[in-house]
There are 2 protein chains.
Amino acid sequence: MPSRMIVSRELADLLRLLAHPDRLRLIEELRLGEQDVSSIAAALDLPATRISQHLAPLRAHRIVEDRREGRNHFYRLTHPGIAAWIVEALDFVDVRNRFGEGSHIDHVRELWTADAPETSS
Amino acid sequence: MPSRMIVSRELADLLRLLAHPDRLRLIEELRLGEQDVSSIAAALDLPATRISQHLAPLRAHRIVEDRREGRNHFYRLTHPGIAAWIVEALDFVDVRNRFGEGSHIDHVRELWTADAPETSS
DNA sequence: CCCACACCTGCAAGGTTCTGCAGACTTGAA
DNA sequence: TTCAAGTCTGCAGAACCTTGCAGGTGTGGG
């Protein structure tokens, strides 16, 4: 059993885990520090149930870690570098279908690279 | 319409496109240079039809480019850096369930980082 | 030269399996 | 009890694999 097959399967699992718009935004939301589920839900404008469902598999694969404080669960990235790694993938996104709108990517790259949290977009 | 939503959707599409063991091995197989479909199929021990079907979406998203030479189609990576970027993801793979077998990852990292192609594993 | 055949690749249809979402239920804390 | 968070279930949609077939290209016999 070649090691490449095993690892490629695990890599595929990881990528599939990240391959969801909500989860990507969630990870970038946790880029600067831990937050509880409600805060994330508000920031992403999604129901808290959905955030919780997204967090469950991320936690199972050790992408995020949780910490309980009373009735709130605070989540943070296990590997903070994963946020920057994701942003690097913007280089490989096809810009063919967006005539002159590739600035969207540059815009988001700035948002996701800045140290201060953004409030509007 | 926030830019982050648009870009996170495109990023998710890209990640989902890569989230398949065959396609990951395919990309790493093209790391050192272009190859035709039959060669890839032989290297990965998969039917050529399946390789072709994997290549179709990769080509649609400009992950790979093709070149015809006679009755053979040669493929290469549009962004050679994507192979190294994928290998970086090994840092984020959960090693919790592999007691002492994390060396699999290191082994594959060497295979996928070396300049010379490997023949056995 | 011409034509039939073999090879390489891409495309389409089918059946199966997986994934995401929404709603209801359970648990735990205040 | 009230509220927050997690879990479970059913369904709709997408992805995956196999098989069969069509297009295009060289190759060799006549």
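The model is predicted. Chain A and chain B bury about 4,400 Å² between them, and 19 residues surround DNA strand D.

**Interface of chain A and chain B**

- Chain A brings 46 residues to the contact, and chain B brings 46 residues.
- Of the about 4,400 Å² buried between the two chains, 70% is on carbon and sulfur atoms.
- On the side of chain A, the most area is lost to chain B by A:Arg4, A:Trp85 and A:Phe92, which together account for 19% of what that side buries.
- One residue pair is in polar contact between chain A and chain B, with both residues at pLDDT 80 or more.
- Four helices of chain A each supply at least two residues of the side that touches chain B: H1 (3-18), H2 (21-29), H5 (81-88) and H6 (103-113).
- H1(A) gives the most to that side of chain A, with 14 residues.
- Sorted by class, the side of chain A that touches chain B holds 25 nonpolar, twelve charged and nine polar residues.

**Surroundings of DNA strand D**

- The closest of the 19 residues that surround DNA strand D are A:Ser38, A:Ser52 and A:Tyr75 from chain A, with B:Arg23 and B:Arg50 from chain B.
- In chain A, helix H3 (37-44), helix H4 (48-60) and strand E3 (72-77) each supply at least two residues of the surface near DNA strand D, as does helix H4 (48-60) of chain B.
- That surface divides into eleven polar, six charged and two nonpolar residues.
- Sugar or phosphate accounts for 80% of the atoms of DNA strand D within 4 Å of the protein, and bases make up the rest.

**Individual side chains at DNA strand D**

- B:Arg50 has a side-chain N or O atom 2.6 Å from a phosphate oxygen of DNA strand D.
- B:His20 places a polar side-chain atom 3.3 Å from a phosphate oxygen of DNA strand D.

**B:Gln35**

- B:Gln35 belongs to strand E1 (residues 35-36) of chain B.
- The side chain of B:Gln35 makes a polar contact of 3.3 Å with the side chain of B:Glu29.
- Setting aside neighbours within four places in sequence, B:Gln35 is in contact with B:Glu29, B:Leu30, B:Ile40, B:His73, B:Phe74 and B:Tyr75.

Definitions and conventions:
Residues numbered from 1 in each chain as written. Chains lettered and ligands numbered in written order. Heavy atoms only, no water. Contact = heavy atoms within 4.5 Å. Buried area = accessible area lost by both parts, 1.4 Å probe. Polar contact = N/O pair within 3.5 Å; in protein donor to acceptor, adjacent residues only side chain to side chain. Nonpolar A, V, L, I, M, F, W, Y, C, P; charged D, E, K, R; others polar. Near = heavy atom within 4 Å.
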